[in-house]
Amino acid sequence: MPKTGGADGALNRVNTNSKPTDLRITDLRVAEIVGAPFTSALVKIYTNQGIVGLGEVRDGASATYALMLKSRLLGENPCDIDRLFRRIKQFGGHGRQGGGVSAIEIALSDLAGKAYGVPIYQMLGGRFRDKVRVYCDTDADKPSGTETGRRLKARMDLGFTFLKMDLGLAQISHIPGAVVAPAGVLDGFRTHAGRGRAGTLDERRARNAAYDAQNVPHPFTGLHFTEKGIDLLDQYIHEVREVIGYEIPLAIDHVGHVSLQDGIRLARRIEKYAPAWLEDVIPWQYTDQYRRLQEATSVPICTGEDIYLKEGFEPLLNSGISVIHPDLLTTGGILETKKIGDAAQDHGVAMAIHMAESPIAAMAAAHVAVATENFMALEYHSVEVDWWDDIVTGLPKPLVKDGFITVPDKPGLGIDDVVDEVISQHLQPGVTGIWQSTEHWDNEYSWDRTWS
C-alpha cells in the first residue's frame, strides 16, 4: 500500500532508484554535430545506476578536450562536482581549450541534480527570476543597414526584446578607401581555416596559413578604419535604428582586428545610437587598453566569452568595464560562471551570457541566469535552425518563446534525453556515428601534479 502521510509521504517524492552516495561514473561518450548553429560535441556521462548526465563542448572546439579527461573520472561519484572540477581544471584553458572541462562540469551538475531530484538552479541558491531574457544574435551579412534592420525587425516580431548585430570590418572591407591595410592582410581575414581532413600536405599548409592569419592580435595587424570607413559604419547603424527604432536594446559585435584607437573612434561615433554594449573590440587580455577604451566612451564596453575560470576575469573586473560576457562552455561550467557573475556584481558590472550551441548549453546557461542577480541577457544564435528544439526531449517547445526561456523545475538541466535520430542527421564531416565506444581513453595516464 502506498505511503501517503508525513515523512512517509515525502518518500513518495524521492527517487529511491538513485542512491547518491553509491553513484559512480562508468563511461563517457560523445556525439559530434554541426549546424546548431555551428560545430559542437554533445557529451554523455554514464553511471552505475542508469542515470546519464548531459554536457557539451563549446562551438568550434574538439571533443578530444573532454575525452582526454575520461580516465580521471571513471569510478568517481559525479555528485562531488567541485572536487572533480579541481582535479581536471588544469587541463582547461582560455577560449575553446576550456570546452572539455566545462562540458564535464555541466554533465556532473546534471547528474547531481538528477540524483538528488532538484533543478541545478536550486543547487546554486535558488532563483532571482522565473524567465531568462534571450537576446537574438543576428549576423550582419546584408549589404545595407536597412536590410539588416529589416532582419532585426523580424526578430522583434517574433517577440525578442533584446538584439545584437555585427558592425565593423566585415561590413566595409570590400569598399575601396574604407580600410587602410598592409598588402595581403585583409585577404587573410576573408578566408577561414577549414575543418575536417586535409588531403595533402599543401592543403594542410594552406589551412594552417589561414589559421595563422586569423590569429594575429588586433594591435599588430596594421588595419585602420579611414574616415570614409567610419562614416560608412555610422550610416549602417543609422539605417538599422531607422527601421527598429530606439526603444529596444541593440548590442554591437565583431568590430574586427583593428587597433584600440580605431575602437575608440568607432565607439564615440556610435554613441548617439545608444548601443547596449560594444563587444570584443580588442583581445580581452589587454586589460589596460580596456580601461582606456571604457574611459574614452559612454558606450558600455563588453568582453569575456573566451576567459577561463573566475581568476581570469579578476583583472578585467578591476578595469572599469561595464559588461562581462562569459560562455559557460569556456569558463569552467555552471558553478564557476555563477561565481564569476557574483564577483562582477561586487564590482558593479552586469553579466550577459554568450551561447551558440545546442539546447544542452542553453539550459546550462539558463540555470545560471535565473540564479544570478546581475544577469542581463542570454545569447541565442539558432533562430533559423528548424531542428534545434528537436535535439532534446523533455523541454517546452519552442524552448525560446517570445524572447524568453522558462526554466522548468525538473531535476538537473531539465532535459530528459538527446534524440539520436535528429543528431545522427547532422554529424560533423568525417564522423561515422554517435555515442561510440571510447574505451581507448580509459587508461590515459600521466602524473598530473603541478608542484613538487
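**Cysteines and the pairing of strand 4**

Cys136 is buried, with a relative accessible area of 0%. Buried here means under 20% relative accessible area, exposed means over 50%, and partly exposed lies in between (1.4 Å probe, protein chains only). Cys302 is likewise buried, at 0% relative accessibility. The nearest cysteine sulfur to that of Cys302 belongs to Cys136, 17 Å away, and Cys302 is in no disulfide. A disulfide is taken as a pair of cysteine sulfur atoms within 2.5 Å. By this rule the count is zero disulfides. Cys136, too, is in no disulfide.

The structure is a predicted model, in which local features need pLDDT of at least 70, side-chain atom pairs count only at pLDDT 80 or more, and totals for chains, interfaces and linings use all residues. Residues are numbered from 1 along each chain as its sequence is written, and side-chain values use heavy atoms, with hydrogens and water left out.

Strand 4 spans residues 131-138. Six of its eight residues are buried, so strand 4 is largely enclosed by the rest of the structure. Strands (E, at least two residues) and helices (H or I, at least four) are DSSP runs, numbered from the N terminus. Two strands pair if DSSP finds at least two bridges between them.

Strand 4 pairs with strand 16 (residues 404-406) in the antiparallel sense, over three bridges. Here Val132 has Ile405 as its bridge partner. With strand 13 (residues 375-380), strand 4 pairs in the parallel sense, over three bridges. Tyr135 stands opposite Glu379 of strand 13. Strand 5 (residues 163-166) also pairs with strand 4 in the parallel sense, over three bridges. In strand 5, Lys164 stands opposite Asp137.
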